[in-house]
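Reader: I would like to learn how to read a structure made of chains, one feature at a time. Could you take me through it slowly?

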Amino acid sequence: MTQKPPQLKDISQCNKCLDFSPQIPWPLGLPAVAVNGLVLAGFSQTVVFDHAVETSDKETIAGLFRSFYSELSAVELANLESKVAASDITWFPVDLIFNKFQVRWNDQTKNICRLIANLPPGLQKFSSERRWSIGDFSPLLAAKSIRLESFYHVFIERNLSRSISVQALELCVELLLIGKDQAELLPLPQEDSDHWLKRLRAIRYPQTTSADEMANTLMKGLPWPGTSTARWTRQGDKAGIELKLFVANPLDLKKYAHSLALVSEAMEKEGPWKKH
Amino acid sequence: MEKALTSLISNFEKVWIDERSRGSRLALRINELFPSDKIEYTSGIPGGIHRGEMSAAQFNQSKKQLSIRPFEGYFFKRCPGSTQKKALNCCNYYVLNLGQQCNMNCSYCYLQSYLNTPTMVMYSNIEKAIDELREMASLHAHLPYRVGTGEVIDSLSLDEITLFSRELIPFFAEFPKWTLEFKTKSAQVDQFLDCEHAGNVVVSWSINAPQIIESEEHGTARLHERLAAARKCKDRGFQVAFHIDPIIWFPEWKEGYSYLIDQITKLFRPDEINVISLGTLRFQPEQRHIMRERFGMKSYVTSAEMFPSEGNKLRYDSALRKEMFNFVLNQLRSKADSGKSYRSFLCMETPETWISTYETGPMQNPQLKDYFRPLPKVNSDLANIS
């Protein structure tokens with residue numbers, strides 16, 4: 001717990017080295033907050049409430065910090081970590097603070113944070129706005145030898161969603177590491193983001209894509225009942241036919257059963273369903 | 001000292017011995033084998049328990065540091081596959097964990113997403129493990145329990161140091177209905193070949209196509225070395241088994257696995273092999289990051305086409321799995337000798353894959369049902385439930 005009431009000071013008397021550029025601005029009318037002369041929030045204010053807390057009371061310090069921020073993105077946490085690492089402050093409980101934001105603190109997290117903190121500011125802003133998690137940046141751990149700026153540019157320029165940009169990052173890292181040419185991986189001028197992602201997946205999973213395409217073509221040639229819709233679809237490690245039927249009365253079902261028996265016979269004669 | 005043992009010892013940069021293990025048989029053996037400047041006595045776990053996944057650097061380092069300490073929980077547990085009974089068909093396999101981590105370095109190793117201690121660990125209180133087994137035996141000596149020691153550590157690659165095999169084999173000689181299974185990718189067997197046994201010790205090898213051993217199983221014994229060690233064990237009356245697991249796709253996979261089956265069947269008749277288990281590549285989704293960081297994307301494992309599957313692991317497309325299983329099984333069937341076939345089963349696979357491969361589930365297969373018949377729960381299971 002705080003040992004003494006906080007002292008109101010001019011911010012110039014405190015250390016602002018932890019200014020990690022939090023996204024949500026501090027309320028204008030409130031003073032900044034510091035612990036033991038170290039500003040934790042409200043870095044652009046002119047006056048500060050400085051709390052004196054035993055530096056060994058890490059839980060109180062972490063709790064105080066947490067109370068100023070309802071949430072912090074991975075980028076904000078990474079920037080905070082990098083500010084702490086660059087400072088000579090040894091008592092600031094960065095591990096407890098990460099835990100309080102539901103991020104497990106360990107070497108892996110630290111490594112990812114260092115990578116995030118070195119990302120171009122544009123991508124930091126983009127990923128922070130889309131609430132990328134620490135784990136979403138994991139592909140960067142293997143990407144130290146490759147250039148990804150062109151892909152970052154695509155993410156920002158095309159205003160991609162979190163889901164698409166996170167998937168695209170991992171696919172691009174893997175494909176570049178496999179040895180694919182960057183030009184082959186960048187989106188085509190008229191290609192929308194869904195099609196781009198689909199194309200990246202096709203390059204990353206060539207055999208499965210080709211098997212699915214072949215099965216799809218074969219499936220389309222089967223004698224499906226006129227009013228049904230059949231679609232080749234993949235659900236994780238399984239691929240198969242999704243069939244939609246419209247039944248208005250029991251007779252419809254009988255007709256479908258008869259027609260589907262013919263489909264079944266045709267399937268057993270060719271393609272991946274062929275009986276051996 | 002033998003060259004293999006010297007090389008094993010030189011692999012470790014440091015050995016930490018917990019004060020509580022001082023005077024244990026294992027600690028004495030370590031003191032006998034390792035240079036004293038590599039040994040340090042400590043209290044607790046050096047580096048502490050790690051929360052969450054380890055970094056690639058920590059994982060690499062953990063292979064070079066050995067920690068000797070007593071184990072405080074239950075040694076004897078069910079195989080993790082049995083916790084997914086709804087999704088997977090699993091055999092009645094029990095595990096006795098006498099340590100964790102491995103001195104070899106396979107790209108697909110599941111320990112990469114499992115371990116949380118920054119050192120390799122060997123437990124110094126094997127007598128407690130034997131007490132647990134004895135307690136179980138007092139209740140169920142007549143039931144066919146299969147107990148393996150190679151779940152979170154290779155059973156034999158460090159056995160020349162620990163000599164655990166020489167304590168377990170005599171124990172299992174007292175309980176002939178039970179089976180002890182060592183599982184290894186090493187060729188280290190000479191240290192126990194002279195032990196008296198009751199014919200209920202299975203020495204098993206995880207084996208693979210030579211191309212996969214070369215590209216993915218770093219630091220392991222070569223195929224011919226593993227098979228030669230297996231032959232040596234068979235000739236001394238031990239049972240042998242093989243785990244062709246994980247089967248990994250690579251451009252010449254059919255030739256590779258066909259060659260593997262040829263090599264096995266040239267050296268062993270069907271009645272000389274206890275069982276051949278098959279499994280295809282699988283791993284936890286979060287493991288892909290550390291594998292990518294440690295092995296790049298030129299590996300057949302990291303570059304594999306994997307999809308989310310039952311049990312939350314990533315696996316090959318189910319049609320490819322079926323093709324791979326059928327291919328390997330057909331190769332095995334083609335080697336049947338005078339009507340006798342090699343006994344095989346699938347490890348940690350879904351009921352659909354079983355049925356598409358064998359046309360039945362394991363309980364309907366007379367050769368296999370003994371493996372899959374439910375057995376009474378053991379103490380550690382009960383402890384886990386409460």
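This is a predicted model: local features need pLDDT of at least 70, side-chain atom pairs count only at pLDDT 80 or more; totals for chains, interfaces and linings use all residues.

Reader: What kind of bond is a disulfide?

Author: In general, a disulfide is a covalent bond that links the sulfur atoms of two cysteines.

Reader: How many disulfides does the structure hold over all chains?

Author: Over all chains the count is zero.

Reader: Are Cys102(B) and Cys106(B) buried or exposed?

Author: Cys102(B) has a relative accessible area of 12% and is therefore buried, while Cys106(B), with a relative accessibility of 7%, counts as buried too.

Reader: How many of the residues in chain B are buried, and which secondary structure does the chain have?

Author: Of the 386 residues in chain B, 61% are buried, and the secondary structure of the chain comes to 14 helices and 18 strands. If we take the contacts in chain B between residues at least 6 apart in sequence, 78% of them join residues at least 24 apart.

Reader: How is the size of an interface often given?

Author: It is often given as the accessible area that is lost when the parts come together. Here the area buried between chain A and chain B is about 2400 Å², and carbon and sulfur atoms give 47% of that area. In terms of residues, 27 of chain A are in contact with 30 of chain B.

Reader: How many salt bridges and polar contacts are found across the interface of chain A and chain B?

Author: The rule finds six salt bridges across this interface. One salt bridge joins Arg321(B) to Asp237(A), with the closest N and O atoms 2.7 Å apart.

Reader: Which elements give two or more residues to the side of chain A that touches chain B?

Author: They are helices H4 (107–117), H7 (162–178) and H10 (206–220), together with strand S6 (238–244), of chain A. H7(A) gives the most to that side, with five residues. The residues of the side of chain A that touches chain B divide into 10 nonpolar, eight polar and nine charged.

How values were computed:
Residues are numbered from 1 along each chain as its sequence is written. Chains are lettered from A and ligands numbered from 1 in the order in which they are written. Side-chain values use heavy atoms; hydrogens and water are left out. Contact means heavy atoms within 4.5 Å. Buried area is the accessible area (1.4 Å probe) that two parts lose on being put together, summed over both. A salt bridge is a side-chain nitrogen of Lys or Arg within 4 Å of a carboxyl oxygen of Asp or Glu. Helices (H or I, at least four residues) and strands (E, at least two) are DSSP runs, numbered from the N terminus. Ala, Val, Leu, Ile, Met, Phe, Trp, Tyr, Cys and Pro count as nonpolar, Asp, Glu, Lys and Arg as charged, and the others, Gly among them, as polar. A disulfide is a pair of cysteine sulfur atoms within 2.5 Å. Buried means under 20% relative accessible area, exposed over 50%, partly exposed in between (1.4 Å probe, protein chains only).
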